[in-house]
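Student: Could you walk me through reading a protein model, one feature at a time? I would like the general idea and then the case here.

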Amino acid sequence: RAAKAHADVVVFPELSLPGYPPRDLLEKRSFLERTEAELGNLAAGTGALHLTVICGTVTCSGADTGNLLYNDAAVLRAGSVVFRQNKMLLPTYDVFDEARYFEAATSQAPLPLGGTTVALTICEDAWNDKQYWERRRYSRDPVEELFQAGAKLLISINASPWHMGKRQLRRDVFATTARRFQAPVVYVNQVGGNDQLVFDGSSFVMLPDGTVAASAASFREDLVLFD
């Protein structure tokens, strides 16, 4: 649908390929192999579409110690996976237990995309802005590091569960980030139910002044085109 609408880039949420939270399915080698195979199939499909796809998946870290997986954002273009950004901040509070399954990235890099440079982040990585939170959970700020490295646009893929007031909280957090770096923000969130969690979608695009310029539906799938 995005390709037929002449989109250049289409963005899907955090772990959109295996589903969030995958939990102990990540302990099954067959599940990981199937996930990687389907990523390859999805990448192959971009060859004839003239479209860049960003989606959430898992990647084997290749490490000898620690967790063997990264929670990552894969960039698919021209028939192959051209870029992977691994998640740096792994939440272990509330309903989250990501440090149990994933290895934290130690570094990230800006993504060249469509003539600009993008800060591509995964959920928690964009929720640690020191200008919003009086007390932060983490010492590092991946968004700040990516903008210091030359990023001009933030794309954040998320699996952010819904609760009362959550939609306004997200907009407040990301408006602070947009104004801080004077950059547009693309926020994409999962929608639907998985186990006991409900994801409301409510994706949006913000201008550098924090104004919401486009909004996706809440509690149902949606496709929003933004230039």
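Student: Where does Leu90 lie?

Tutor: Leu90 lies in the loop between E4 and E5. Helices (H or I, at least four residues) and strands (E, at least two) are DSSP runs, numbered from the N terminus. This is a predicted model, in which local features need pLDDT of at least 70, side-chain atom pairs count only at pLDDT 80 or more, and totals for chains, interfaces and linings use all residues. Residues are numbered from 1 along each chain as its sequence is written, and side-chain values use heavy atoms, with hydrogens and water left out.

Student: Is Leu90 buried or exposed?

Tutor: Buried means under 20% relative accessible area, exposed over 50%, and partly exposed in between (1.4 Å probe, protein chains only). Leu90 counts as buried because its relative accessibility is 13%.

Student: Which residues does Leu90 touch?

Tutor: Contact means heavy atoms within 4.5 Å. Not counting residues up to four places away in sequence, Leu90 touches Glu98, Ala99, Phe102, Glu103, Ala104 and Tyr138. For a sense of distance, Leu90 and Glu145 are 55 residues apart in sequence and 17 Å apart in space, C-alpha to C-alpha.

Student: How many salt bridges are there?

Tutor: A salt bridge is a side-chain nitrogen of Lys or Arg within 4 Å of a carboxyl oxygen of Asp or Glu. By this rule the count is twelve. One of them joins the side chains of Lys87 and Glu14, at 2.8 Å from N to O. Lys87 lies in the loop between strand E4 (80–86) and strand E5 (111–113), and Glu14 in the loop between strand E1 (9–11) and helix H1 (29–45), so this pair ties together parts that are 73 residues apart in sequence. Both Lys87 and Glu14 are buried.

Student: What about Arg100 and Asp24?

Tutor: Their side chains form a salt bridge too, at 3.6 Å from N to O. This pair links distant parts of the chain, with Arg100 in the loop between E4 and E5 and Asp24 in the loop between E1 and H1, 76 residues apart. Arg100 counts as partly exposed because its relative accessibility is 48%, and Asp24 is also partly exposed, at 40%.

Student: Which residues join Asp129 in a network of salt bridges?

Tutor: Start with Arg180 and Asp129, whose side chains meet at 3.2 Å, N to O. Arg180 is in helix H3 (residues 166–181) and Asp129 in the loop between strand E6 (116–122) and helix H2 (142–148), so the two tie together parts that are 51 residues apart in sequence. Through shared partners, salt bridges join Asp129, Lys130, Asp141, Glu144 and Arg180 into one network.

Student: How do I read a sheet?

Tutor: Strands of a sheet pair through backbone hydrogen bonds, either parallel or antiparallel.

Student: Which residues have the most contacts inside the largest nonpolar core?

Tutor: A nonpolar core is a set of buried Ala, Val, Leu, Ile, Met, Phe, Trp, Tyr and Cys residues joined through side-chain atoms within 4.5 Å. The largest one has 35 residues, and those with the most contacts inside it are Ile54, Leu111, Leu120, Ile155 and Phe174. A second, separate core of 14 residues includes Leu15, Tyr20, Val58 and Phe102.
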